[in-house]
Amino acid sequence: EGMAPPQRILFPPEKICMAWQQRQRPGAGLHNLGNTCFLNSVLQCLTYTPPLANYLLSREHSRSCRQQGFCMMCVMEAHVNEVLRFSASAIQPWAVVRVLTRIGEHFQHGMQEDAHEFLRCTVDAMQRACLSGSGNLDISSQATTIVHQIFGGLSEIQSISICLPVTCLSCKAVSDSYEAFLDVPLDIKAASSVTAALEDFVEPEQLDGDNCFKCSKCDKMVAASKRFTIHRVPRVLTLCLKRFEDFTGRKISKVVEYPEYLDLRPYTSQAAGEPLLYALYAVLVHSGGSCHAGHYFCYTKASNGLWYKMDDTCVDGRGINTVLRQQAYLLFYVR
């Protein structure tokens with residue numbers, strides 16, 4: 001699908017289980033160990049990601065892991081098992097806090113950090129752990145880890161250039177490229193809903209003036225049209241609502257509506273076809289006026305099918321209407 005076939009399959013896709021293997025009440029809350037609400041809320045969203053949790057609860061990774069020293073998959077496996085398999089009302093996530101600088105060297109314990117950045121670094125660290133010991137793999141093979149098969153997708157970037165060179169009447173060249181992604185960033189400045197923001201995301205962008213496109217056929221800088229679409233959909237779709245202004249960090253606090261069920265089909269390269277339905281299972285919320293201050297918490301759907309607000313040590317039941325009225329920062333949907 002736009003990329004060379006993988007030379008190796010690192011994790012068999014048929015072994016990925018999308019539905020919870022067991023139904024139970026929610027697990028433990030997480031103690032705030034000093035400005036770690038960003039970490040707690042991300043960990044809870046990952047803990048209630050069904051295909052990831054199923055794999056980590058099986059302990060399959062640790063049984064075969066040969067990595068010396070830090071391994072993010074081993075850290076997450078231990079954390080998820082402790083949260084979901086013990087009856088304590090809250091645990092202290094020191095195992096993750098102690099390796100903060102291994103997850104991202106710029107993270108500092110006690111500092112207010114960005115939840116989206118921590119999520120990206122954590123997923124990247126899990127991906128690196130899955131690739132450890134595999135040698136020099138081609139890009140397609142790297143996308144066959146369990147982590148990338150759960151969170152990863154492929155976007156298509158299509159540029160259509162129209163030029164009028166002296167030597168011919170017209171030239172129409174189409175340039176397609178593909179780029180792997182682990183989440184989709186959505187600009188919400190002009191959008192009142194996630195579906196509107198997704199429509200803006202796939203809207204063709206005109207490239208002209210100082211932002212011209214170099215035509216591969218004419219070898220000239222020309223006006224062009226550029227369009228992003230989702231070419232290969234992920235099993236788990238993560239949407240980041242861009243609430244923080246560049247440079248100032250000021251927050252966009254407007255209400256942005258998001259659905260419990262989302263059809264991704266209209267935003268794909270093959271917009272005609274059967275619906276590609278996703279169900280919401282986690283919402284990460286930021287309260288406060290800027291990225292430099294405030295508090296993070298989340299709502300997650302446990303394996304028993306019920307929703308819970310997870311605010312550090314507090315885990316309380318909530319209805320779906322409350323979940324859908326939040327000032328969401330990150331949205332997690334499962335296929």
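1. Let me start with Arg120, which counts as buried because its relative accessibility is 15%, and buried means under 20%. Please keep in mind that this is a predicted model. Arg120 sits in helix 7, which covers residues 115-131. Setting aside residues up to four places away in sequence, Arg120 touches Leu182 and Asp183.

2. The largest nonpolar core contains 64 residues, and Met73, Ile103, Phe118, Ile146 and Phe151 have the most contacts inside it. Helix 7 gives this core its largest share, nine residues. Another core lies apart from it, with 31 residues, including Ala197, Leu264, Val285 and Leu331.

3. Beyond its neighbours within four places in sequence, Met73 is in contact with Tyr55, Leu56, His61, Met126, Ala129, Cys130, Ile146 and Val147.

4. Now to the voids: there are two cavities of 30 Å³ or more.

5. Among the residues lining it are Leu30, Cys37, Gln44, Phe297, Met310 and Asp312. Helix 1 (37-47), strand 13 (295-301) and strand 14 (307-311) each supply at least two lining residues, and the largest share, four residues, comes from helix 1. This lining divides into six nonpolar, three polar and two charged residues.

Notes:
Residues numbered from 1 in each chain as written. Predicted model: local features only at pLDDT ≥ 70, side-chain atom pairs only at ≥ 80, totals over all residues. Heavy atoms only, no water. Buried < 20%, exposed > 50% of the residue type's maximum accessible area, 1.4 Å probe, protein only. Contact = heavy atoms within 4.5 Å. Core = buried A, V, L, I, M, F, W, Y, C linked by side-chain atoms within 4.5 Å. 1 Å grid on protein atoms, 1.4 Å probe; cavity = no way out; pocket = protein on both sides within 12 Å on 5 of 7 lines; lining within 4 Å. Points joined across faces, edges and corners; volume = space filled by probe spheres on them. Nonpolar A, V, L, I, M, F, W, Y, C, P; charged D, E, K, R; others polar.
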